[in-house]
Amino acid sequence: MLMSGLIGDPVAHSLSPSMHNAAFQALGIDARYELWHTVTADLLLRIASLRAEGILGANVTVPHKGTVIPLLDDVSETARRIGSVNTVIARDGRLLGDNTDAYGFGRALGDVTGGTMPRSALVVGAGGASRAVLTSLQEAGVADIWLVNRTPERAEALAAELTEPGCPAIVAEPWSRLEEVASSARLVVNATSIGWHGDDLPFGAGIIDALPRDAVVMDLTYRLTAMLRLASGRGLRTVDGLPMLIHQGGRAFELWTGQNAPIEAMTQAVREAYAARA
Ligand code: NAP
């Protein structure tokens with residue numbers, strides 16, 4: 001039997017086993033996806049274990065997404081730009097690191113827009129998820145990308161780091177300009193950690209009111225948040241974070257197996273697992 005799994009600390013909450021085991025089953029692949037709980041002291045040994053026969057690869061989550069890089073034989077250009085690896089592919093005795101979050105974000109957005117990328121985007125939050133979102137927007141050629149964060153220095157540093165020659169610039173804006181920037185944004189992404197509880201909003205409700213009527217509102221949390229409800233109430237197109245999770249998993253699955261990911265089966269499994277948990 002082939003194996004893959006999730007390396008991180010903690011991992012018990014993950015929806016990935018449901019998603020990937022459903023995919024293996026749908027395609028009749030004799031493989032299993034496991035939770036590989038790994039504390040920092042054990043990371044080296046865990047990564048070495050991926051070189052064994054029958055291992056397809058692994059997903060990597062906090063706190064190892066950056067520290068895993070020097071332990072691998074190579075990393076993709078996207079993973080290098082984002083500065084983190086969420087997928088390791090074991091191929092011909094070598095371990096390759098990739099980051100499928102940017103792909104997952106782009107596919108999730110494309111599902112809502114019919115494949116058209118918005119020409120402007122406002123990203124709120126400057127942590128790890130924001131890096132993947134910004135990289136995806138740059139790779140798609142979105143002309144105007146604005147970044148706002150509670151701690152402005154983090155937004156400024158991230159914008160400077162990701163703005164490289166030959167790709168669209170990311171402009172860090174102060175929180176005080178949020179509403180003004182929102183009035184020109186065809187996409188707004190909540191990439192803060194706000195939204196998992198109750199009716200918490202990442203910013204004032206006025207920001208949703210300020211958006212153009214053709215804007216898309218995306219929340220990286222997996223639930224129908226207060227922000228998404230407000231946006232739907234205004235008639236804006238919305239998407240939560242589950243499609244991004246599913247598409248990043250689908251891409252990892254394709255890199256491991258060389259087969260097209262059965263996205264429908266993965267979606268059903270993830271939604272069932274999430275509903276059972278909620
Ligand atoms: P992170 O690295 O910890 O960054 C958290 C961000 O949220 C920072 O920008 C932080 O601002 C901001 N923030 C925290 N509390 C805030 C508050 N009270 N008001 C305003 N901003 C606040 O987290 P992450 O890994 O980027 O994850 C961000 C979100 O994306 C999480 O909800 C995570 O679950 C989700 N996510 C979803 C997917 C998916 O596939 N759907 C993938 C990855 C992550 P400061 O810099 O000021 O602290």
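Visitor: A pocket, on a 1 Å grid over the protein atoms alone, is an open set of points where a 1.4 Å probe fits, with protein on both sides within 12 Å along at least five of seven lines. Where does the ligand sit?

Guide: The ligand sits in the largest pocket, meaning that more than half of its atoms lie within 2 Å of the pocket's grid points. This is a predicted model, where local features need pLDDT of at least 70, side-chain atom pairs count only at pLDDT 80 or more, and totals for chains, interfaces and linings use all residues. Residues are numbered from 1 along each chain as its sequence is written, and side-chain values use heavy atoms, without hydrogens and water.

Visitor: Which residues come nearest to the ligand?

Guide: A126, N149, T151, R154 and W196, out of 20 residues around the ligand (each has a heavy atom within 4 Å of it). Helix 5 (128-139) and helix 10 (242-257) each give the shell at least two residues. Helices are DSSP runs of H or I, at least four residues, and strands are runs of E, at least two, numbered from the N terminus.

Visitor: Which polar backbone atoms are 3.1 Å from a ligand oxygen?

Guide: One belongs to G128 and one to S193. A backbone N or O atom of L245 is 3.5 Å from a ligand oxygen. On its own the ligand has 930 Å² of accessible area, and the protein covers 74% of that (Shrake-Rupley, 1.4 Å probe).

Visitor: Changing topic: N59, buried or exposed?

Guide: N59 is buried, at 4% relative accessible area; buried is under 20% and exposed over 50%, with a 1.4 Å probe and protein chains only. N59 belongs to strand 3 (residues 55-60).

Visitor: And what does the N59 side chain make a polar contact with?

Guide: The side chain of T87, at 3.3 Å. Such a contact is a pair of N or O atoms within 3.5 Å, and within protein one must be able to donate a hydrogen and the other to accept it. Beyond four places in sequence, N59 touches residues including Y33, N86 and W256 (heavy atoms within 4.5 Å).

Visitor: Where is S4?

Guide: In strand 1 (residues 2-8). S4 is buried, because its relative accessibility is 0%.

Visitor: Which peptide bonds are cis?

Guide: D9 to P10 is cis, with omega near 10°, and V62 to P63 is cis, with omega about 5°. P10 is in the loop between strand 1 and helix 1 (16-26).

Definitions and conventions. On a 1 Å grid over the protein atoms alone, a cavity is a set of points where a 1.4 Å probe fits but cannot get out, and a pocket is an open set with protein on both sides within 12 Å along at least five of seven lines; lining residues have an atom within 4 Å of a point.
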